[in-house]
Amino acid sequence: MPKLEAETVATFRPLVDLVPEGWRTATTTAADGTELHWTDTGGDGAPVVLLHGLQVDGLSWLRTAQALAPSHRVVMPDLRGHGRSGRVHTTASTGVHVDDVTTVLDAADVECPVVVGHSLGAEVAGFLAARGRMRGVVLVDPVLVPMPSPVIDVDAPPPWLAPIFATLRALPTQTHNQRMRAGLTLLPPGVDVDWHEVDYVTFVEGQSRFDLDVYRHLDPDGASLAASPDAVAAIDCPILLLTARPMLPGAGGEVDATPLTGHWRDGRHVHFPGSGHHIAADRFDRFVREVGAFIADVGDPDGATDGQDP
């Protein structure tokens with residue numbers, strides 16, 4: 001399929017017209033005073049928590065949440081520095097994000113959820129699951145090799161990042177149509193399909209609310225989940241690992257998942273060879289089938305599986 005074009009995205013509706021009526025938003029406060037925001041579909045179904053990646057926000061999961069909401073309560077936090085959560089003043093380490101999500105789950109009265117995390121959100125989800133209290137965890141295209149956090153000078157970024165940062169700074173003051181057109185330059189490598197309107201609009205709107213100061217406060221010594229086999233081994237709930245083709249040019253289609261699969265207790269790996277990093281947007285139908293089947297397999301919080309007593 002062809003890539004999205006400016007004429008197409010300019011017709012996309014504003015975010016406010018895409019979020020279903022009846023979904024709730026709420027905030028709580030982290031230990032250091034940072035305000036933490038989340039979106040909640042409500043309902044009495046078994047809880048599912050969706051954690052977004054870097055530079056977007058909780059509503060980047062909007063289409064997935066719509067698919068799950070008829071039978072589940074879906075909670076979508078905004079990590080600090082993202083969306084409508086507070087800005088970053090001291091640190092944006094993975095450990096702080098884990099603490100923040102724990103605070104949100106307590107405030108939202110969410111117990112024993114399935115947690116789905118993409119990219120940065122997958123790191124947070126993995127370490128959160130290592131603490132317990134999860135029914136299952138889905139890691140969507142996490143980093144699979146030890147990788148320190150990038151050190152980026154926000155005021156003088158490298159030449160390849162400068163246009164991206166300029167676009168991010170311009171987005172908040174642009175009209176909706178201007179943002180939709182400008183957002184095309186922010187699509188990640190490997191996008192070779194027409195994203196659904198909902199996925200594209202939520203991606204661009206999330207970028208418009210991203211705090212560039214996140215890059216000032218990343219922990220340069222912070223390690224990904226893959227660099228912590230002990231954390232993976234500590235996860236005692238089922239794990240679903242979803243991977244896409246490597247993002248780096250020339251990396252080929254092979255994915256070495258052994259940093260995770262070699263240490264987990266109970267896991268399953270599903271590869272999406274035709275997908276870029278944003279699997280939920282690139283291959284939505286298959287993604288929802290895999291995640292939905294996993295959620296059904298791990299059962300609900302009171303011990304039922306697939307809606308029946310075990």
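Is Phe 210 buried or exposed? In this predicted model, Phe 210 has a relative accessible area of 9% and is buried, because the limit for that class is under 20%. Tyr 215 falls in the buried class as well, with a relative accessible area of 8%.

A pair of aromatic rings is described by the distance of the centres and the angle of the planes. The model holds five aromatic pairs. In one of them, the ring centres of Trp 195 and Phe 203 are 5.4 Å apart and the planes stand at 90 degrees, so this pair is edge-to-face; the cut-off for that label is over 60 degrees. Both Trp 195 and Phe 203 are buried. Phe 210 and Tyr 215 also form an edge-to-face pair, with 5.7 Å from centre to centre and 75 degrees between the planes. Together with Phe 165, these two residues, Phe 210 and Tyr 215, make up one aromatic cluster.

The charged end of Arg 63 sits over the ring of Phe 284, at 3.8 Å from its centre. In the other case, the charged end of Arg 286 sits over the ring of Phe 272, at 4.3 Å from its centre.

Charged groups also meet one another. Side chains of opposite charge can pair when their charged atoms come close. The count of salt bridges in the model is 14. One of them joins the side chains of Arg 80 and Asp 32, with 2.9 Å from N to O. This pair links distant parts of the chain, 48 residues apart: Arg 80 is in the loop between strand E4 (72–78) and helix H3 (94–107), and Asp 32 is in the loop between strand E1 (24–29) and strand E2 (35–40). The two partners fall in separate accessibility classes: Arg 80, at 2% relative accessibility, counts as buried, whereas Asp 32, at 47%, counts as partly exposed.

A second salt bridge brings together the side chains of Arg 209 and Asp 57, at 2.8 Å from N to O. Here the residues are 152 apart in the chain, with Arg 209 in the loop between H7 and H8 and Asp 57 in the loop between strand E3 (46–51) and helix H2 (62–68). Arg 209 counts as buried at 16% relative accessibility, and Asp 57 counts as buried at 2%.

Asp 99 and Arg 131 form another salt bridge, in which the closest N and O atoms are 2.7 Å apart. It links Asp 99 in helix H3 to Arg 131 in the loop between helix H4 (120–130) and strand E6 (136–140), 32 residues apart. Asp 99 is partly exposed, at 39% relative accessibility. Elsewhere, Arg 24, Asp 40 and Arg 73 are linked in a network of salt bridges.

Strand E6 has come up as one end of the loop that holds Arg 131. How many residues of E6 are buried? Five of the five are, so the strand is largely enclosed by the rest of the structure. Gly 136, Val 138 and Val 140 point one way from E6, while Val 137 and Leu 139 point the other way, and all of them are buried. E6 pairs with strand E5 (residues 114–118) in the parallel sense, over five bridges. Within this pairing, Leu 139 of E6 is the bridge partner of Gly 117.

The last stop is Asp 219, in the loop between helix H7 (197–208) and helix H8 (229–234). With a relative accessible area of 30%, Asp 219 is partly exposed. Which distance in space goes with the 126 residues in sequence between Asp 219 and Ser 93? Their C-alpha atoms are 5.4 Å apart.

Terms used. Residues are numbered from 1 along each chain as its sequence is written. This is a predicted model: local features need pLDDT of at least 70, side-chain atom pairs count only at pLDDT 80 or more; totals for chains, interfaces and linings use all residues. Side-chain values use heavy atoms; hydrogens and water are left out. Rings of Phe, Tyr and Trp (its six-membered ring) pair if their centres lie within 6.5 Å; planes under 30 degrees apart count as stacked, over 60 as edge-to-face and the rest as tilted. Buried means under 20% relative accessible area, exposed over 50%, partly exposed in between (1.4 Å probe, protein chains only). A charge sits over a ring if NZ of Lys or CZ of Arg is within 6 Å of the ring centre and within 35 degrees of the ring normal. Helices (H or I, at least four residues) and strands (E, at least two) are DSSP runs, numbered from the N terminus. A salt bridge is a side-chain nitrogen of Lys or Arg within 4 Å of a carboxyl oxygen of Asp or Glu. Two strands pair if DSSP finds at least two bridges between them.
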